[in-house]
Amino acid sequence: MPRPIRVEFPNAYYHVINRGNRKEQIFITDRDYELFLEKLVEYTDLYEVEIHTYCLMPNHFHLQLRTRHANLGKFMQSFLTSYTLVINHKYQKSGHLFQGRYKAQLVENEKYKNKLSRYIHLNPVKVRSMAEMPSDEKKKYLRNFKWSSFRMFIGLENKPEWLTRSHILSSWGKTAAEKMHKYRTYVEEGIASDNSGELQTELQEIIGSDSFKDKIIKKFLIKDTSDIDKTEQPVLFKINTLSLNKVIDFVTENLNHDIDEKLKRKITIYIAFVYCKKNYSLKDIAAKFELSVSGLRMVARRFKTLLEKNKELHTTVGVLNEKLEEKYINVQV
């Protein structure tokens, strides 16, 4: 399996995630959590990395950070190796503690810093075991959760020197008290809503606007896709700048005007379903076409079956797909 591509440059912002090998715990006792934070402080100081938010769960962790230098890989390798060695020695184990390489998502900072921080801070109450817990109890649990930066953001615990809190709190008011209160309200409002899809953190290599993704792709990733083997670096072809509006406009401009409007709508929905689900939640795609998620899936499934039976339609959609990929996905610089 090809390794994920790492985009590194000075003053880059990331969301870093890693899980325990075979989904096993990476923190067993309170001392393990403390040790992880000690190692984090040690290596952020060594590599000049800023930590903006964090959350440590029993079998995985989240970090929101900025690298002052282009050194995310060196920092993470040194940091995680050091923690693994100590934990393996403590529990008389050997081998991998973590599930492969960490996942690092490049983040468009100003646009997504607050959403990402909320996503990270809400992790403790977004687990299945808490699904039925009343909202007030979730708020209490979140405020008492020891192993995230949330308590430090809302004034319930002193902020350590190594945590850069002002970066996120700066947009929430004038006084320290106002910032903490407004930020706490913002995060806790996310308890009642399903915000898991707004960042699509498990799918995207880049969290940002279309223009931000396009800039990163052109500058750091792709110079000539004709030399790139999709089987070797499929992640490059997962990252694209397609938006729902682009798909709709493209289909409108490139389909024969004689095609029935109902069929044109089905083609548009199908292509949006295929190409945009990497950057959008199914809920967002469905809403664009005034459908439910189940309705969207049904239209896509039925249209796929129709394509298999109708050769002429299959050819029409195939040509459309090729033009779409040539224009938007196979970026040429």
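Contact is taken to mean heavy atoms within 4.5 Å, and axes are lines fitted to C-alpha atoms, for helices over the stretch in contact, with angles running from 0 to 180 degrees between N-to-C directions. Helices (H or I, at least four residues) and strands (E, at least two) are DSSP runs, numbered from the N terminus. The structure is a predicted model, in which local features need pLDDT of at least 70 and side-chain atom pairs count only at pLDDT 80 or more, while totals for chains, interfaces and linings use all residues. Residues are numbered from 1 along each chain as its sequence is written, and side-chain values use heavy atoms, with hydrogens and water left out.

Two strands are considered paired if DSSP finds at least two bridges between them. On this basis five strands form an open, mixed sheet in the order β2-β3-β1-β4-β5. A hairpin connects β2 to β3 through two residues. Strand β1 (residues 12–19) and strand β4 (residues 103–107) are likewise antiparallel, with four bridges; here I17 is partnered by K103 in β4. Helix α3 (residues 109–121) packs on the sheet and touches β1, β2, β3, β4 and β5, its direction making about 155 degrees with that of β3. Helix α1 (residues 30–47) lies across β2 and β3 (60–67) and runs at about 165 degrees to β2.

Solvent accessibility was classed by relative accessible area (buried, under 20%; exposed, over 50%; partly exposed, in between; 1.4 Å probe, protein chains only). Strand β2 is mostly covered, nine of its nine residues being buried. By contrast, E110, which is found in helix α3, counts as exposed because its relative accessibility is 57%. The C-alpha atoms of E110 and G208 lie 9.6 Å apart in space, although the two residues are separated by 98 residues in sequence.

Two residues other than glycine have a positive phi. N11, in the segment before β1, has a phi near 60 degrees and is partly exposed, with a relative accessible area of 41%. R22, in the loop between β1 and α1, has a phi near 55 degrees and is exposed at 60% relative accessible area. Most residues other than glycine have a negative phi.

A pair of aromatic rings is described by the distance of the centres and the angle of the planes. Rings of Phe, Tyr and Trp (its six-membered ring) pair if their centres lie within 6.5 Å; planes under 30 degrees apart are stacked, those over 60 are edge-to-face and the rest are tilted. By this rule there are 18 aromatic pairs. One of them is the tilted pair of Y54 and W162, with 5.7 Å from centre to centre and 35 degrees between the planes. This pair links distant parts of the chain, since Y54 is in strand β2 and W162 is in the loop between α5 (150–153) and α6 (166–169), 108 residues apart. Y54 is buried, at 1% relative accessibility. The pair of Y183 and Y186 is also tilted, because the ring centres are 6.3 Å apart and the planes stand at 45 degrees. Y183 and Y186 both belong to helix α7 (residues 176–189), where they are three residues, or about one turn of the helix, apart, and both are buried. One aromatic cluster is formed by F27, Y33, F36, Y47, F61, F75, F79, Y83, F98 and W147.

Helix packing was examined for α12 and α14. Helix α12 (residues 261–276) and helix α14 (residues 293–309) have axes that come within 9 Å and cross at roughly 105 degrees. This makes α12 roughly perpendicular to α14, as angles of 65 to 115 degrees are classed (under 35, roughly parallel; over 145, roughly antiparallel; the rest, oblique). Residues L263, K266, I267, I269, Y270 and F273 of α12 meet L296, V299, A300, F303, K304 and L307 of α14. The residues of this contact comprise 10 nonpolar, no polar and two charged; Ala, Val, Leu, Ile, Met, Phe, Trp, Tyr, Cys and Pro count as nonpolar, Asp, Glu, Lys and Arg as charged, and the others, Gly among them, as polar. T268 is also placed in helix α12 and is buried, at 9% relative accessibility. Not counting residues up to four places away in sequence, T268 touches V247, I248, V251 and F289.
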